[in-house]
Each structure stands twice: as C-alpha cells, then as structure tokens.
Amino acid sequence: FVTSYLSLPGRYFVYTLGRDQQGVSRKIEDEKERERLKGVIDQISPPDGVGLIVRTAGIGRVKTELLRDYKYLHRLWTDIKKKVQTEKAPALVYKEMELSVRAARDYLTQEVSEVWVDDPDTAAQIREYVALAFPKSPDMVKVHTEHDRTLWERFGLTKQVEQIYSREVTLPSGGRLVFDHTEALTS
C-alpha cells in the first residue's frame, strides 16, 4: 500500500519518519523496563521528524546495543536520502530485506565472528547489511563453495542432529548415555 508514513524496522527499534513519536511496544508490560527504555530513547535524542519505537526484542538490552541499532537505522535512512538525490525518477530507492537478511538482522550480535552462507547472491545481500550494521566486521560473511559436501556436513551438524534422536550418545570424555523408552518411563 502507499503511505506517507515511512518506517524502517531494525532489530530493537522501528525508525519512523515524519513523526516525532517516541515510544515502547505495548507488548512490553514491565513498567520498570518501559521507563528504562524511554530513558534510553531520551538519551539518544533522535533528530526532529524522526520517531523511535522500541520493539519487544529490546527488552533487557544495554544502551550500547540499542544505540548500535539506532546508528544502523540512521545510516540506512541517510543512504536512502542520498539515493533519492542521485536517482532519476521513477526509481526504487529502498526495498525491504529478504528473509535471510532479516534473520541476520534479528540474530547477529557482536559475539558472532562469522556467518556461513552457501549461496553467493544471499551472501552478497547479507554482506550489504553487515556493512551497515557491523562496519568494523566487514569480512564476517563467508561463502561455502565446497560442492562435495553441505554446510551441515562441514560443521558436523548432521551428526549432531542424528545424535539427538539416537538411542545412544557418546560423550567427549569417552562415556556413553543410553536412553530407553518404556511405557512408564524413560531411563
């Protein structure tokens, strides 16, 4: 649909344009947390015409994490405004992220050192996001090019999933766990 109310979703914030509305998601019910998050927004003090709404993912997040998400959204909006000035109309200046990039947005943290992807196009999209969100980690995204085995096999995930459902699990120490299901109990 067409609207003049623009918003950019981030990991912890929704960055709204044309409205100075600052707020916290109604789904965050803890009053102390709501007040803390409102205080963080006040400290960020977004420019005029920009609103911030804290998403439920912001619960318990420290100020530096929230500030990082704000800076990402602000850089994204700055890039969109630059593109508007240089593109000849009609032109697409922003497109919502693909599912893989939204997953990266929602789950990547500073603790993640690398992301492996088996599709070069998807890797390029995630790299574009990482360049904005994690400018100090430009080489975080790696492309899996070994066609003789899958990513699951490369990192031993297939074996781990099989172990989850197997009757017997070998421990790194050399011991074994054996699970037997009976009618009355699991031993």
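Leaving out residues up to four places away in sequence, glutamate 33 touches Ile28, Gly58, Ile59 and Gly60. This is a predicted model, so keep that in mind throughout. Glutamate 33 sits in helix α1, which covers residues 31-44. Is glutamate 33 buried or exposed? Its relative accessible area is 12%, and since buried means under 20%, glutamate 33 counts as buried.

Now for α3, which spans residues 99-107. Its buried residues are Val101, Ala104 and Arg105. Looking down the axis of α3, these buried residues fall within an arc of 100 degrees, so they line one face of the helix. Turn to the face pointing away from that buried side and you find Leu99 and Tyr107, both exposed. What do the buried residues of α3 pack against? They pack against β1 (6-9) and α4 (120-133).

| Helix pair | Axis separation | Crossing angle |
|---|---|---|
| α3 and α4 | 9 Å apart | about 40 degrees |
| α2 and α4 | within 8 Å | roughly 115 degrees |

Take α3 and α4, with their angle of about 40 degrees. That angle makes α3 oblique to α4. The crossing of α3 past α4 is right-handed. On the α3 side, the contact uses Ser100, Val101, Ala104 and Arg105, while α4 brings Thr122, Gln125, Ile126 and Tyr129. Sorted by class, this contact has four nonpolar, three polar and one charged residues. Val101, Ala104 and Arg105 turn up here again, having already been listed as the buried residues of α3.

Next, α2 (residues 63-86) and α4, whose axes cross at roughly 115 degrees. The two helices are therefore roughly perpendicular to each other. Arg68, Tyr72, Arg75, Leu76 and Asp79 of α2 meet Tyr129, Leu132 and Ala133 of α4. This contact of α2 with α4 divides into five nonpolar, no polar and three charged residues. Tyr129 of α4 takes part here, and Tyr129 also belongs to the contact with α3.

Last stop: valine 169, in strand β7 (residues 168-170). With a relative accessible area of 17%, valine 169 is buried. Which residues is valine 169 in contact with, leaving aside its neighbours within four places in sequence? They are Gln163, Gly175, Arg176, Leu177 and Phe179. For a sense of scale, valine 169 and glutamate 87 are 82 residues apart in sequence, and their C-alpha atoms are 59 Å apart in space.

Technical notes: Residues numbered from 1 in each chain as written. Predicted model: local features only at pLDDT ≥ 70, side-chain atom pairs only at ≥ 80, totals over all residues. Heavy atoms only, no water. Buried < 20%, exposed > 50% of the residue type's maximum accessible area, 1.4 Å probe, protein only. Helix = DSSP H or I, 4+ residues; strand = E, 2+ residues; numbered from the N terminus. Arc of directions from axis to C-beta. Contact = heavy atoms within 4.5 Å. Axes fitted to C-alpha atoms, helices over the stretch in contact; angles between N-to-C directions. Parallel < 35°, antiparallel > 145°, perpendicular 65-115°, else oblique. Nonpolar A, V, L, I, M, F, W, Y, C, P; charged D, E, K, R; others polar. Left-handed = near helix turned anticlockwise from the far one by under 90°.
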